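Thanks for coming. I will walk through one structure this morning, beginning with a single helix and then widening the view. Please have a look at the model first.

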Amino acid sequence: MAKSDSLHHFQGIDVSQAGSASSIVFETLKQAIITGELKDGTPLKQEELAKKFSTSRIPIRESINRLEQEGLVKTIRYKGAVVASISLKEVEEMFDLRALMEREVMLKAVPNLTDDQIDEAEKYCLEFATAQTSGDWTDTNRKLHHALFQASDMTFHLSVLNTIYDRTERYLRAQLSFSNGADRAVDEHHTLIELCRARDAAGAAELMFQHVKHAKCSLLEFLPQDSE
């Protein structure tokens, strides 16, 4: 969705002495993509990355393959691997799926939530309300959702949701920086905690569904309408 960038400002790390260079390269590149440090369309040139990480091309190639499997990178003919962008249609699909899945997870989780787990979620709720940067907002929001979801024991659902979070976080960070979307989320988070304490699974599930739908609408309004 954004214009392509280069690796010029990206800071690699020396993994030449590491026991698992491939894992370190993978995690470093993944975080750089998720946070938006590496922009959509940025070419991931193996030779240049190998120099930045002080390693051979093998860990770089393995990492790029893993990132492509997770949908964060795509290979373009004659151009090679680049940071993948998301179309508006994909954003809609991902958030619609996320809304459905998070509603089901909440239905399963709420009856099993302990007071300690709700307290943990409320802690993140308060941190979200006082966060000053888009990165803090997305980080604490993700922790809040995880704190509530862990009681569901729906591990496959949660793994899929994590993939969706990874694919969309850099756009949410940008959107939260230029909108008041966080303000509405604060109110919905507080209500969600109250419903969880009341063990109102149906109410919490429906609010979570609407919460994700609101996030989708806000993001779609922010993103360029001609994005493909």
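Let me start with helix 5, residues 115–130. Helix 5 has 16 residues and reaches 23 Å from its first C-alpha to its last, close to the 22 Å expected at 1.5 Å a residue. The expected span of a helix is 1.5 Å times one less than its number of residues. When I say helix or strand, I mean DSSP runs, numbered from the N terminus: H or I with at least four residues for helices, E with at least two for strands.

Before going further, a note on the source. This is a predicted model, in which local features need pLDDT of at least 70 and side-chain atom pairs count only at pLDDT 80 or more, while totals for chains, interfaces and linings use all residues. Residues are numbered from 1 along each chain as its sequence is written, and side-chain values use heavy atoms, with hydrogens and water left out.

Back to helix 5. Which residues of helix 5 are buried? They are Gln117, Ile118, Ala121, Tyr124, Cys125 and Phe128. These residues cover an arc of only 120° around the axis, which puts them on the same side of helix 5. The arc is that of the directions from the helix axis to the C-beta atoms. On the other side of helix 5, Asp116 and Thr130 are exposed. For these words the cut-offs are as follows: buried is under 20% relative accessible area, exposed is over 50%, and partly exposed is in between, with a 1.4 Å probe and protein chains only.

Now the whole chain. The protein chain has nine helices and two strands, and along the sequence they follow the pattern α-α-α-β-β-α-α-α-α-α-α. Of its 228 residues, 48% count as buried. The chain exposes about 11,500 Å², and carbon and sulfur atoms supply 50% of that area; accessible areas come from the Shrake-Rupley method with a 1.4 Å probe, and for residues only the protein chains shown count as cover. Among contacts with a separation of 6 or more, 78% are between residues 24 or more positions apart. Contact here means heavy atoms within 4.5 Å.

Next, the charged pairs. How many salt bridges does the structure hold? There are 17 salt bridges, each being a side-chain nitrogen of Lys or Arg within 4 Å of a carboxyl oxygen of Asp or Glu.

Lys30 is buried at a relative accessible area of 13%, and Asp166 is buried at 9%. Both residues also belong to a network of salt bridges that links Lys30, Glu70, Asp139, Arg142, Asp166, Glu169 and Arg173.

Another example is Lys216 with Asp96, where the closest N and O atoms are 2.9 Å apart. Lys216 is in helix 9 (residues 201–222) and Asp96 in helix 4 (residues 88–109), 120 residues apart. Lys216 counts as buried at 10% relative accessibility, whereas Asp96 is partly exposed at 25%.

Arg57 lies in helix 3 (residues 57–69) and Glu47 in helix 2 (residues 46–52), so the pair ties together parts that are 10 residues apart in sequence. Arg57 is partly exposed at 43% relative accessibility, and Glu47 is partly exposed at 44%.

Let me stay with helix 4 for a moment. Not counting residues up to four places away in sequence, Arg98 touches Asn141, His145, Leu161, Ile164, Tyr165, Leu172 and Val212. Glu104 also lies in helix 4, and it is partly exposed at 40%. Glu104 and Ala205 are 101 residues apart in sequence and 6.9 Å apart in space, C-alpha to C-alpha.

Finally, the cysteines. The structure holds zero disulfides, a disulfide being a pair of cysteine sulfur atoms within 2.5 Å. Cys196 is buried, at 0% relative accessibility, while Cys217 is partly exposed, at 40%.

That is the end of my walk-through.
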